[in-house]
Amino acid sequence: MRLIPFALLLLTGAIQAAEAPAPVAPTPTAAMHEAAALYKQHCQSCHGAQRFGAAGPALLPESLGRIKPAEVRAVIRDGRPASQMTGYSELLDASQIDALVDYLYQPAATAPVWKTPDIRASHKILADLASLPSTPQHDADPLNLFVVVEAGDHHVTILDGDTFDPLTRFASHFALHGGPKFSPDGRFVYFASRDGWISLYDLHNLRMIAEVRVGLNTRNLAVSNDGRWVLVGNYLPGNLVVLDARDLSLVKIIPTLGQDGSASRVSAVYTAPPRDSFVVALKDVQEVWELSYAGEPDFQPRRIVAKDYLDDFSFTPDYRYLLATSRKAGGGQVIDLDGGEPVASIELPGMPHLGSGIYWKRNGHWVFATPNISTGLISVIDLQTWKLITEIPTAGPGFFMRSHANSPYAWTDVFFGPNNDQVLLIDKQTLKVAHTLRPMPGKNAAHVEFTHDGRYALLSVWDRDGALIVYDSQTLEEVKRIPMNKPSGKYNVGNKIEFAEGTSH
Ligand code: HEC
């Protein structure tokens, strides 16, 4: 239906063009040609000849998909504060900037490739692990450290979870993505950046060990439960990359082709510890893959045909089932990993953010709750019957949700809209909103993580002049406020390596 008015528009345009005098504006190809020349002159030195990124980030349609053209235009005009990206309003006029914006959203002239030699050439060993002590070289409890991602200026802080004092702070690659993951003993943390950089950091010695660029646009990574493998899921090129977890050396590239041979991007990869496997959601073919890492793995995918494309998923507490959604279709599906097939549909309106969903026990039953990116509600599902128990209304669409076995509340944010300064505490038994916090009125409050013992909750205020705020999780009193530039996620080592109840995986 939508094609018809569009075709009509083209037709009238063609008729007008035939009757009107020849337009003075350059044809799109000439404009694109000029934009390419401007790019070469002003931008290529930092963003790379093929727009793959260098000192500056990649500028490909895939990379810019998350920000809107209006923001891209504003960045080119005004720059980004406290970065090498300066504004071009003095050098370029408005039409030149518009042409550059259009150009950046065009696919690259030659299809971008990133292959084995590119990966190998990017691999850097930054410290000799064998010569480093294998015990913590700091006084903090290694299982109560927090890894705090500061999105504003691309840094990471390692925070002592008892004193809430930073142990160290270091620069990360541009735009860390998908949540860092840990080795099973909690010593190592692995980061993925939007532009495909994977970094390995030693929390005992507080130093970077290795890094490698595995793709041009990456979704996220997972670490095997035996600590041997890192699996990365990419959008560009659409594939999976297996790395040796000890030093990030390349083990295998697995193109993500569906049964019929069609190519797919990867939506998400997670580890399923009791199954000794990675589970992979594919975005463009209706399949879920399971890759076993038991014994001497060959990483051949076991394919499960799904009812829909998968954007995101969560596991049940026993890792037998996946709860999965697609943003294209409504609702969700339950996929049985043992049986290898979808077994139920779940009533989920809007765009549930299942990767952030959490579960807990209520009246002896496991329930699962998920925020929703498009509507102000939290859906709560019974994990025995797959039936919706309730929808809890909130003051706007949310993004994250967290709890802890020792906390009576599930904490969730209002992430979008005018009320995005609110954080709601949902009573895990009554399923009603028990408290609403507004930590910094007018500023976006988001993402909560608990200390290992659950006594404190750390909340992010996602603003240039934002903060990390520590609450007593029982009395809800503020204990400490640490100013920070857009602290996004923060991850407690103990909760993460135990795959604790209340934290998403
Ligand atoms: C001196 C190096 C440098 C030059 C030259 C440069 N940039 Fe940048 N650019 C950067 C850096 C660094 C960033 C990341 C800034 C940040 O931390 O957000 C950036 C960010 C951007 C972003 C935002 C990307 C995102 O995903 O958030 C856009 C768009 C951009 N640059 C476009 C351009 C264009 C167009 C030109 C040429 C007119 C240009 N840049 C020239 C270094 C540069």
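I began with where the ligand sits. Domain 1 (23-104) and domain 2 (117-217) both give residues to the shell around the ligand, so the ligand lies between them. I note that this is a predicted model.

Next I looked up the shell itself. I found 23 residues around the ligand. C43, C46, H47, M85 and R194 are the closest. By class, I have 14 nonpolar, seven polar and two charged residues in the shell.

Then I asked which helices supply at least two residues of the shell. They are helix 2 (28-47) and helix 4 (69-78). Helix 2 gives the most, with five residues.

H47, already listed among the closest residues, has a side-chain N or O atom 2.8 Å from a nitrogen atom of the ligand. For R80, I read 2.7 Å between a side-chain N or O atom and an oxygen atom of the ligand. R194 is also on the list of closest residues. An N or O atom of the R194 side chain lies 2.6 Å from an oxygen atom of the ligand.

Last, I turned to the whole chain. I count seven helices and 33 strands. The C-alpha trace spans about 75 × 55 × 50 Å along its principal axes. I checked the radius of gyration: a compact globule of 505 residues would have a value near 23 Å, and the chain has 24 Å, which agrees. Buried residues make up 54% of the 505. I also looked at contacts between residues at least 6 apart in sequence: 48% of them join residues at least 24 apart.

Conventions: Residues are numbered from 1 along each chain as its sequence is written. This is a predicted model: local features need pLDDT of at least 70, side-chain atom pairs count only at pLDDT 80 or more; totals for chains, interfaces and linings use all residues. Side-chain values use heavy atoms; hydrogens and water are left out. A residue is near a molecule or strand if one of its heavy atoms lies within 4 Å of it. A polar contact is a pair of N or O atoms within 3.5 Å; within protein, one must be able to donate a hydrogen and the other to accept it, and residues adjacent in sequence count only if both atoms are side-chain atoms. Helices (H or I, at least four residues) and strands (E, at least two) are DSSP runs, numbered from the N terminus. Ala, Val, Leu, Ile, Met, Phe, Trp, Tyr, Cys and Pro count as nonpolar, Asp, Glu, Lys and Arg as charged, and the others, Gly among them, as polar. Domain bounds come from an automatic or database domain assignment. The radius of gyration is taken over C-alpha atoms; the globule rule is 2.2 Å times the number of residues to the power 0.38. Buried means under 20% relative accessible area, exposed over 50%, partly exposed in between (1.4 Å probe, protein chains only). Contact means heavy atoms within 4.5 Å.
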